[in-house]
Amino acid sequence: GLNILDTVYLRFDFPVILLMLVLLNVYYVAYYFYLRAGTEQKVEMPQQEQNGKAVFMVNAGAKNIPVPVKDICYVFRVHDINYLRSANQKDYMVTQSLDEVQEQLDSRLFFRANRQIIVNFAACGHFELLPFGKLQLFVQPEFKEPVIISQKRAKQFREWMER
């Protein structure tokens, strides 16, 4: 039942609270412009860096070999080990997971067909329809197992092929 004008709230507490609100808003406005400046710098990056790596490092024994991305036919998984098959039909071991490799490659050139393989557009020969809306992809150079694209990814694969 007290009148707020008769208390010390307006003289001591209110200015402190008001100052805290102003400082908090100044901080968030500055943070907004900081983030905005960071995204503008990303837009100005060279085209190659935006679309993925130009060279992929692979292992062959104790050697680290740079393989140009344009020479990659597909990246595949066999017995918990990931490999890369190049255009000259050589297989190289890759230390990253297929998810990490997929993030580094340009999605316009490479498609994750299933859990075991990521294919390059240039390596795709043709595909055939299978029962239940699945697709069988034939790649060059030939892969030892059939490359099956699930019904769930079939539509996305067709759109990627037609681009």
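Which strands are included in what covers the buried residues of H4?

1. The model is predicted. The cover over the buried residues of H4 includes strand S6 (110-114), strand S7 (117-120), S8, strand S9 (135-139) and strand S10 (147-149).

2. The buried residues of helix H4 are Ala154, Phe157 and Trp160. An α-helix has 3.6 residues a turn, so residues three or four places apart point the same way. On the other side of H4, Lys152, Lys155 and Glu162 are exposed.

3. Aromatic contacts come next. A pair of aromatic rings is described by the distance of the centres and the angle of the planes. The count comes to 13 aromatic pairs. One of them joins tyrosine 32 and phenylalanine 33 in an edge-to-face arrangement, with 5.2 Å centre to centre and 70° between the planes. Tyrosine 32 is partly exposed, at 47% relative accessible area, and phenylalanine 33 is partly exposed at 46%.

4. Phenylalanine 127 and phenylalanine 157 also form an edge-to-face pair, 5.5 Å centre to centre and with 80° between the planes. This pair links distant parts of the chain: phenylalanine 127 belongs to strand S8 (residues 124-129) and phenylalanine 157 to helix H4 (residues 151-162), 30 residues apart.

5. Strand S5 (residues 91-94) has two faces: Tyr92 and Val94 make up the covered one, Asp91 and Met93 the uncovered one. In a regular strand the side chains alternate between the two faces of the sheet.

6. S5 pairs with strand S4 (residues 81-86) in the antiparallel sense, over four bridges. Asparagine 82 has valine 94 in S5 as its bridge partner, and Val94 lies on the covered face of S5. The hairpin of S4 and S5 has four residues between the strands, and in this hairpin glutamine 89 takes a positive phi near 65°.

Methods:
Residues are numbered from 1 along each chain as its sequence is written. Side-chain values use heavy atoms; hydrogens and water are left out. Rings of Phe, Tyr and Trp (its six-membered ring) pair if their centres lie within 6.5 Å; planes under 30 degrees apart count as stacked, over 60 as edge-to-face and the rest as tilted. Buried means under 20% relative accessible area, exposed over 50%, partly exposed in between (1.4 Å probe, protein chains only). Contact means heavy atoms within 4.5 Å. Two strands pair if DSSP finds at least two bridges between them.
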